[in-house]
Amino acid sequence: MPSFTEENYLKAVYKLAEAAPGSEVSTNSIAEVLQTRPASVTDMLRRLSEKGLLHYQRYRGVSLTPEGRQLALLTIRKHRLWEVFLVQKLGFNWDEVHDVAEQMEHIDSPLLVRRLDEFLGFPRLDPHGDPIPTEDGAMLRPRHRLVADLNPGEQGPVVAVKNTSVTFLQYLDKAGLKLGSHIEVVDKIEFDNSLEIRINKNTTIMLSAEASRNLFVAG
């Protein structure tokens, strides 16, 4: 089994590749995500390449092998299942679970993960609206629209967040926005692209352009 650090690298490569389909993942982008030096990334990529978990050519980026992709998806699956458990069963708020799940995702027990999935009722989405890979690596691909792309009069339920940082999730809590909230765009402000939105046909707030680029509605 790969080490904790190796699993984190595989997960980072997978997510970066998902964000830019069809392109190789660069060493610098991995270093930025993992907050480490490019030289350290290069050493780890060589090691993972030798283990057959990714394809690596210096200066040409990296891509996961089928085995590396499977391991990345398993780590993501465990992370997201633990987030569901922490929120639904232990009463954590959605801004409190990421760091705890980062530790728990490295537990190596297929039986535990299988039982956890069953205990939770086989959830398809985590508390942030991200899809949870199945045991065989399949993943639901919900249709989302960024709130930033909505025009006045358009509406829908909030289904996911793009930014899962503590500060952004706390911003949404303060604004009264959560998964399942129904929003309608009342007006788009030309000056800064901020939005006036109505939440649950009741409260009206101003949503910054940055926030609207990190919030998804169904569609």
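**Exercise 1.** State the count of salt bridges between domain 2 and domain 3, and describe the interface.

*Solution.* 
Step 1. The count between domain 2 and domain 3 is zero salt bridges, a salt bridge being a side-chain nitrogen of Lys or Arg within 4 Å of a carboxyl oxygen of Asp or Glu. The model is predicted: local features need pLDDT of at least 70, side-chain atom pairs count only at pLDDT 80 or more, and totals for chains, interfaces and linings use all residues. Residues are numbered from 1 along each chain as its sequence is written, and side-chain values use heavy atoms, without hydrogens and water.

Step 2. An automatic or database assignment gives domain 2 as 73-141 and domain 3 as 144-218. Eight residues from domain 2 and 13 residues from domain 3 make the contact (heavy atoms within 4.5 Å).

Step 3. The two domains bury about 780 Å² between them, 60% of it on carbon and sulfur atoms; this is the accessible area (1.4 Å probe) that two parts lose on being put together, summed over both. Trp94, Asp95 and His128 of domain 2 lose the most area to domain 3, together 71% of what that side buries.

**Exercise 2.** Which residues of helix H2 are buried, and what do they pack against?

*Solution.* 
Step 1. Helix H2, a DSSP run (H or I, at least four residues), spans residues 27-34.

Step 2. Thr27, Ser29, Ile30 and Ala31 are buried (under 20% relative accessible area, 1.4 Å probe, protein chains only).

Step 3. The buried residues of H2 pack against helices H1 (4-19) and H3 (38-50), and also against strands S1 (54-56) and S2 (62-64) (strands: E, at least two residues).

Terms used. Buried < 20%, exposed > 50% of the residue type's maximum accessible area, 1.4 Å probe, protein only.
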